[in-house]
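Look at the structure first, then read on.

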Amino acid sequence: MAAVESKGCKPKKYEYLDHTADVQLHAWGDDLKEAFEQVAVSMFGYMTELETVDIAREEIIEAEGEDMLSLLFHFLDESLFLMCADPYFIVKEVEITEFDRENFKIKAIERGEEFDLKKHPQGTEVKAITYSNMQIHDNDKKHEVFVIIDI
């Protein structure tokens with residue numbers, strides 16, 4: 001299988017916040033699309049050290065919702081499903097190619113490789129995405145999201 005060309009590493013625009021029994025992902029970007037991309041990357045970064053992941057394959061995912069919060073939830077849920085599929089797929093880069101804010105639809109390319117315990121340090125398993133305290137801030141000065149994941 002030929003390697004997939006990387007679009008180049010984007011600067012890290014996320015952090016992990018302590019939360020009782022779970023973890024809160026906080027991501028931001030120059031626009032809301034980038035904040036969504038960053039929060040997906042942060043979820044995979046919690047599962048392994050992304051520096052160890054190569055770009056060998058890409059997967060296309062699609063998600064839709066009834067509003068922006070459900071769109072974010074379904075986008076992350078579809079991304080997490082890649083890690084649960086056989087073979088496990090760990091994502092290093094996310095590029096949203098379609099971000100329809102009126103109809104609440106996303107299409108994204110997720111790049112990475114098959115997860116291998118010999119190569120990728122095992123972090124914490126993400127069991128599920130939650131709606132608990134999910135937040136989206138999108139205005140002229142702030143484009144950020146907060147998502148609690150069940151670990």
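Arg111 is buried, because its relative accessibility is 3% and the cut-off for buried is under 20%. The model shown here is predicted.

What does Arg111 pair with? Its partner in a salt bridge is Glu58, and the closest N and O atoms are 3.3 Å apart. This pair links distant parts of the chain. Arg111 belongs to strand β5 (residues 105-114), Glu58 belongs to strand β3, and 53 residues separate them. Glu58 is partly exposed, at 36% relative accessibility.

In general, side chains of opposite charge can pair when their charged atoms come close. The count for this model comes to ten salt bridges. Three of them are described in this report, including the one between Arg111 and Glu58.

Next comes Arg101. The side chain of Arg101 meets that of Asp138 in a salt bridge, at 2.4 Å from N to O. Here too, distant parts of the chain are linked. Arg101 sits in the loop between β4 (89-100) and β5. Asp138 sits in strand β7 (residues 135-138), and the two are 37 residues apart. Arg101 is partly exposed at 39% relative accessibility. Asp138 is also partly exposed, at 32%.

Now turn to Lys13. Lys13 forms a salt bridge with Glu34, with the closest N and O atoms 3.1 Å apart. Lys13 lies in the segment before β1 (14-19), while Glu34 lies in helix α1 (residues 32-47), so the pair ties together parts that are 21 residues apart in sequence. Are these two residues buried or exposed? Lys13 is buried, with 14% relative accessibility. Glu34 is buried as well, with a relative accessible area of 10%. Salt bridges with shared partners join Lys13, Asp30 and Glu34 into one network.

The table sets out the three pairs.

| Salt bridge | N to O distance |
|---|---|
| Arg111 and Glu58 | 3.3 Å |
| Arg101 and Asp138 | 2.4 Å |
| Lys13 and Glu34 | 3.1 Å |

Some charges belong to a surface patch instead. Which residues form the negative surface patch? They are Glu62, Glu64, Glu66, Asp67 and Glu98. Residues in such a patch have over 30% relative accessible area and no salt bridge. Glu62 is one of the patch residues. Glu62 is found in strand β3 (residues 57-64). Glu62 counts as exposed, because its relative accessible area is 54% and the cut-off for exposed is over 50%.

Note on methods: Residues are numbered from 1 along each chain as its sequence is written. This is a predicted model: local features need pLDDT of at least 70, side-chain atom pairs count only at pLDDT 80 or more; totals for chains, interfaces and linings use all residues. Side-chain values use heavy atoms; hydrogens and water are left out. Patches are made of residues with over 30% relative accessible area and no salt bridge: like charges are joined within 9 Å, nonpolar side chains (Val, Leu, Ile, Met, Phe, Trp, Tyr) within 5 Å. Accessible areas come from the Shrake-Rupley method with a 1.4 Å probe; for residues, only the protein chains shown count as cover. A salt bridge is a side-chain nitrogen of Lys or Arg within 4 Å of a carboxyl oxygen of Asp or Glu. Lys and Arg count as positive and Asp and Glu as negative; His and the chain ends are not counted. The place of a charge is taken as NZ of Lys, CZ of Arg, CG of Asp or CD of Glu. Helices (H or I, at least four residues) and strands (E, at least two) are DSSP runs, numbered from the N terminus. Buried means under 20% relative accessible area, exposed over 50%, partly exposed in between (1.4 Å probe, protein chains only).
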